[in-house]
Amino acid sequence: VQLQASGGGRVQAGGSLRLSCAASGPPLTPNAMGWFRQAPGKEREFVAALSRSGGATYVAPSVKGRFTISRDNDKNMAFLQMNSLQSEDTAVYYCAAGRLTSYIAGAYDYWGQGTQVTVSS
């Protein structure tokens with residue numbers, strides 16, 4: 001699976017962005033798709049994950065209530081709607097795909113190239 005993330009950019013605090021992740025190649029519809037982020041000087045951290053059926057959803061406490069993960073299985077895409085953005089959300093955001101829906105990065109087999117999100121206060 002090849003993943004292409006897009007939608008990052010610069011936004012003021014309190015604003016919104018919507019990230020997209022397009023999956024191509026077999027398997028066309030991975031069971032699990034997730035988002036992780038990595039800020040400068042910090043380790044990569046989990047943001048959100050969603051199973052293909054929608055039956056399993058995980059959202060990090062730091063973004064719960066502000067970020068929403070969704071999928072369009074027909075288009076092989078995943079999305080991350082980010083509202084009420086804060087400066088602490090500034091990071092490179094990566095989409096990931098794999099067999100197991102998890103908040104653990106090691107559970108994912110495929111990774112996109114990342115898209116930069118910068119939130120200015």
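## Cavity lining and strand pairing

By class, the residues lining the largest cavity are five nonpolar, three polar and two charged; Ala, Val, Leu, Ile, Met, Phe, Trp, Tyr, Cys and Pro count as nonpolar, Asp, Glu, Lys and Arg as charged, and the others, Gly among them, as polar. The model is predicted: local features need pLDDT of at least 70 and side-chain atom pairs count only at pLDDT 80 or more, while totals for chains, interfaces and linings use all residues. Residues are numbered from 1 along each chain as its sequence is written, and side-chain values use heavy atoms, with hydrogens and water left out.

The lining of the largest cavity comprises 10 residues, and Pro-30, Met-33, Arg-71, Asn-76 and Met-77 lie nearest its centre. Its volume is about 30 Å³, and the count is one cavity of 30 Å³ or more. A cavity is a set of points, on a 1 Å grid over the protein atoms alone, where a 1.4 Å probe fits but cannot get out, and lining residues have an atom within 4 Å of a point. Grid points are joined across faces, edges and corners, and a volume is the space filled by probe spheres set on the points.

Four strands form an open sheet in the order E1-E3-E8-E7, with antiparallel pairing. Strand E1 (2-6) and strand E7 (67-72) are at the edges and have a single partner strand each, so one side of each lacks a neighbour in the sheet. From one strand to the next, the twist averages 15 degrees; axes are lines fitted to C-alpha atoms, and angles run from 0 to 180 degrees between N-to-C directions. Strands are DSSP runs (E, at least two residues) numbered from the N terminus, and two of them pair if DSSP finds at least two bridges between them.

| E7 and E8 | six bridges | E8, residues 77-82 |

Phe-67 has Met-82 in E8 as its bridge partner. Phe-36 stands opposite Phe-46 in E5, and Ala-48 stands opposite Val-59 in E6.

Strand E5 (residues 45-51) is largely enclosed by the rest of the structure, because six of its seven residues are buried (under 20% relative accessible area, 1.4 Å probe, protein chains only). The hairpin of E4 and E5 has six residues between the strands, and in it Gly-41 takes a positive phi near 80 degrees. In the hairpin of E5 and E6, five residues lie between the strands and Gly-54 takes a positive phi near 85 degrees.

Technical notes: On a 1 Å grid over the protein atoms alone, a cavity is a set of points where a 1.4 Å probe fits but cannot get out, and a pocket is an open set with protein on both sides within 12 Å along at least five of seven lines; lining residues have an atom within 4 Å of a point. Buried means under 20% relative accessible area, exposed over 50%, partly exposed in between (1.4 Å probe, protein chains only).
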